[in-house]
Amino acid sequence: MSSVKIYGHPLSCPSLIAHSVADYFGVKHDFQEVDLISGAQFKDDYKKLNPNSRVPVYEEGEFVLCEALAIARYLADRGEGSSLYPRELKKRALIDMHLSIMNDMRMHQMNLNY
Ligand SMILES: N[C@@H](CCC(=O)N[C@@H](CS)C(=O)NCC(=O)O)C(=O)O
């Protein structure tokens, strides 16, 4: 497997989701801090990885994936399976439901903060 990098910020919840799920599944990775305060996410090099200028980004060789939950699902599926994200359809649907609720709550919270 190619070496894995996760671009993120230590105070970013979506970054921590990607980072901690990678740890959970034993995926060795370099955590590359993106300095959101200085605007590193808007630099051309970073925008090649994520045109939306957000963290996290998961990079595995040529394969680049954005969005914390997409990264978490990918990491869960590429292994041997886990109760964290079971393959059984109904169990998985319930977890997806809770992930959607969590994501909506986070977006709502961001609207309150800004
Ligand atoms: N839907 C995205 C949201 C990612 C996101 O909002 N990241 C924030 C940090 S928590 C960010 O990169 N902000 C940069 C900016 O606003 O310029 C995901 O879940 O990965």
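User: What should I keep in mind about the model and the numbering?

Analyst: The model is predicted, so to speak of local features a pLDDT of at least 70 is needed, side-chain atom pairs count only at pLDDT 80 or more, and totals for chains, interfaces and linings use all residues. Residues are numbered from 1 along each chain as its sequence is written, and side-chain values use heavy atoms, with hydrogens and water left out.

User: OK, which residues surround the ligand?

Analyst: Around the ligand are S12, P14, Q41, F42, S53, R54, V55, P56, E67, A68 and R106, where a residue counts as near if one of its heavy atoms lies within 4 Å.

User: What is the peptide bond from V55 to P56, cis or trans?

Analyst: That bond is cis, with omega near 5°, and P56 lies in the loop between α2 (44-49) and β3 (57-60).

User: What about phi of S53?

Analyst: Phi of S53 is near 55°, a positive value in a residue other than glycine, and S53 is likewise found in the loop between α2 and β3.

User: Switching topic, how many helices and strands are there?

Analyst: The protein has four helices and four strands, taken as DSSP runs (H or I of at least four residues for helices, E of at least two for strands), and along the sequence they follow the pattern β-α-β-α-β-β-α-α.

User: How big a box do the C-alpha atoms fill?

Analyst: Taken along the principal axes, the C-alpha atoms fill a box of roughly 45 × 40 × 20 Å.
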